[in-house]
Amino acid sequence: MAKTDEPVAANQGAYAFLYDILVQVKGRWIMEEVKGRRSGWWKGAVFLTLAAFIGKILSAFYRVPYQNITGDLGYYVYQQIYPFYGAAMVVSMYGFPVLISKLVLEKEQKQHSLAAQEIAWSAFFILLIAHLPIALVFMGGAGIIAGWMGDSQLLLPLRIIGCVFFFIPFYSALRGYFQGTGNMSPTAVSHVIEQFVRVTAILLLVWLVVRSNLGAYSAGTAAAVGSIAGCVAGVSVLLFATKKKRASFRQLNWSNIINGIKTESGTLLSQGLFICLGSMIFILYQLVDAFYVANELENSGMTAIEARKIKGLFDRGQPLIQFGTVAATSIALTMVPLISQVRDKRLACQYANLAFRVSVLLGSAAAIGLVIIAEPVNIFLFENDEGTGILRILAFTLIFSGPVFITTAVMQGHNHFKVPAIYLGVGWLVKLLGNIVLLPLFGVKGAAAATVMGMFVTAVFHLLFIYRKGWMTPLSLKWLAKAGAALFLMAALAGSSISLAGFVNMTRTTSAILSIGIVIGSALIFTLAVWHLSLFSDEERRLLPGARKLEGLRKRKER
């Protein structure tokens, strides 16, 4: 067997382990579906990612009303502090809980339920020791961070958002404990509640601040408070769920807990970060832009307010890109356990190929569509067409972001966790260097191009590594030609619709009708083209959601 850079002690990856828990919880029918090589893949995707999907939808779309309420300057303020919150939430959702759940299950199987609680306590204290200083330093050094961003008025929003690091130990230990005992519900419910409370609190508080004429930075402070309110709600759900099962402090063996801290700290901290890095790619890119874009624009001769508003225009693309990758991340989350469970390497390769081709098609269609309808979408969502050129450049990110998520999942499914993290770092460096070189030459369009370049480089490195390992096969020229034909038909419909609507006065209402109509029509044409051009085999079609209904419609039409 080839040696891997596996950071987990077990033979399977952490996500594969999570799948094992799912099998225990859901019962025999899921295992039978996997063995039967049928739609269990997609059923598993729905089960595993429903909460994450809802959270991503909420997280993507609340930014639109936020920008509408606060304007581009207010949106800039929020986007300067959001990456820190986003990083903390990714770590406490996709990183540490996965590893803690593994430790909990091992203790429960080999010893008893009390030992499982003790190892969860050990993990809690490890993370508390690690993140408490980070939170205190972040809050105390908020002025320094604001200075690096070139905006001293960000001090208070940054200081408040720094509190989010206090919640990482609670989220991670509690979610990991429940997942390790086979109960996925508290993790899912806490995530949805946290996002719902956060979004509601942010929009309500920001609306009150703006109505009181307190300014964009006060709105950013209110948004930070709303984010912390969401964290309190999410952790409260988890604590309530432990009420019946939690042992008293007197029942715990504290020598076991201390021993767990000593033995598991290095593994937990290092491997947890490797696991979740793939989910942080957009956040890491946003961090680069937060520290560099407005600073460089101001250095180029713009006033501080102008530079920050332009940064706000640049950030309009973030919710669209995030929403565009939801499907790919949903597929990716289930790819890891599926590949790990399949013994037949040929079958694992087929699953990986299918997921990759779906991501290429969806990403390319979303990118081309957004390029064509960027203007009406911009007016519909953000009230005017400023920054449309930036949106069109950022749209190309969607071509590569989906494949990056899928290939990361394939590598993790084969117990390679360090490699995707390294290639993510290479792409991040390309993004950083691209900002340094292109921003002075082309303004924020250069920063947008740097984002696309960084994602492209990561995708290329991922594919080269995977093809060399034989875990996927390259796309054939015949398949690419068919995919190109389907995309061309979709683009022709969308482009002709935009041309015909050229004489229409682009109000927000007409832009909304035009955008939604083109999306629905283009999606229908694209789906039918993909089906009729046989871009997927009959066996692959049966794995796709909604495939049976489409096949039934096609057969009735042929009769």
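Predicted model: local features only at pLDDT ≥ 70, side-chain atom pairs only at ≥ 80, totals over all residues.
Entry 1: I began with the aromatic pairs as a whole, and the count came to 17. From these I took up the pair of Tyr62 and Tyr78, whose ring centres are 6.0 Å apart and whose planes stand at 80°, an edge-to-face arrangement. I then looked up where the two residues sit: Tyr62 is in the loop between helix 3 (40–61) and helix 4 (63–110), while Tyr78 belongs to helix 4, so the pair ties together parts 16 residues apart in sequence.

**Entry 2: burial of that pair.** Are Tyr62 and Tyr78 buried or exposed? I found Tyr62 at 2% relative accessibility, which counts as buried, and Tyr78 is also buried, with a relative accessible area of 2%.

**Entry 3: a second pair.** I turned next to Phe84 and Phe291, whose ring centres lie 6.4 Å apart with the planes at 90°; since an angle over 60 degrees counts as edge-to-face, this pair is edge-to-face. Phe84 lies in helix 4 and Phe291 in helix 12 (residues 281–299), so that the pair links distant parts of the chain, 207 residues apart. For Phe84 I noted a relative accessible area of 10%, which makes this residue buried, whereas Phe291, at 26% relative accessibility, counts as partly exposed.

Methods:
Residues numbered from 1 in each chain as written. Heavy atoms only, no water. Phe/Tyr/Trp six-rings, centres within 6.5 Å; stacked < 30°, edge-to-face > 60°. Helix = DSSP H or I, 4+ residues; strand = E, 2+ residues; numbered from the N terminus. Buried < 20%, exposed > 50% of the residue type's maximum accessible area, 1.4 Å probe, protein only.
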